[in-house]
Amino acid sequence: MNKSLVTLTIGQSPRSDILPLLLEHLPEDHIDHTGLLDGLSAADIDEQFKPEPGEGILVSRLQSGEQVRLSAPKVEQGLQQKIFALEEAGYDTILLLCTGQFGALKTHSALLLEPDRIIPPLVKAIVDQHQVGIVVPVEEQIHEQATKWRHLTKPACFAVASPYLADNETLLSAAQALQAQGADVVVLDCIGYHQYHRDVLQKQLDIPVLLSNVLVAKLAAELIV
């Protein structure tokens, strides 16, 4: 089989922090990786993707391990250009490594797997009537996330802990705050959360903890193996 799937991160590729997790479900020799910020310096990133007042915020990870804050509309424009270029290069499945909400991404013929379109209905089907608690990287994302998760039977509750900056105590405090608000399940809703983060929480909580990136990786694996 020729390589037909490419992962597309809004940061820099490859995502060494989450790649081992993805490869538990995806065959390594059938996948390529690319990133919106590949080859860009910190100055380039600031010039091209710095958030303006009032814009939505996305966060990602650079190869240095540094967290970077990006303008959501500028990222969406950049992703669309990247997606068309990947189609031209011959990829027929594109896995977007970002759980942010994008409204208008499209392809000419390739299958685009967008976590923001996949994860909320999947979680809704899994949890049914239960209360969902969502952990997000930054405070500014909560308003957008409320829209993203609006079809849950019960309105989601939210807490903040960055997968790139938060220590275990901060992450646990966020999850415990959700549980205190009645959450029956916690969703770590950023591609940057790792199995390690889930394990830390699962040892301390008596409710399930779901990783968005694992859910998407499992679905992608069904499409290419």
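Trainee: What percentage of the residues of the chain count as buried?

Mentor: First, this is a predicted model, where local features need pLDDT of at least 70, side-chain atom pairs count only at pLDDT 80 or more, and totals for chains, interfaces and linings use all residues. Residues are numbered from 1 along each chain as its sequence is written, and side-chain values use heavy atoms, with hydrogens and water left out. Buried means under 20% relative accessible area, exposed over 50%, partly exposed in between (1.4 Å probe, protein chains only). Of the 225 residues, the buried share is 54%.

Trainee: How many helices and strands does the chain have?

Mentor: Both are DSSP runs numbered from the N terminus: helices are H or I with at least four residues, strands are E with at least two. The count is eight helices and 10 strands.

Trainee: Which residues of helix 7 are buried?

Mentor: Helix 7 spans residues 195–204. The residues are His197, Val200 and Leu201.

Trainee: What covers the buried residues of helix 7?

Mentor: Look for contacts, meaning heavy atoms within 4.5 Å. The cover includes helix 6 (168–180), strand 9 (185–188) and strand 10 (209–211).

Trainee: Which residues does the cis peptide bond at Pro14 join?

Mentor: Most peptide bonds are trans. Pro14 lies in the loop between strand 1 (5–9) and helix 1 (19–22). Omega is about -5 degrees for the cis bond, which joins Ser13 and Pro14.

Trainee: What is the phi of Asp128?

Mentor: Most residues other than glycine have a negative phi. Asp128 sits in the loop between helix 4 (115–127) and strand 7 (132–136). With a relative accessible area of 46%, Asp128 is partly exposed. Asp128 is not a glycine, yet its phi is positive, at about 55 degrees.

Trainee: How far apart are the C-alpha atoms of Gly65 and Leu165?

Mentor: Gly65 is in the loop between strand 3 (57–61) and strand 4 (67–71). Gly65 counts as partly exposed, at 27% relative accessibility. Gly65 and Leu165 are 100 residues apart along the chain, and their C-alpha atoms are separated by 9.6 Å.
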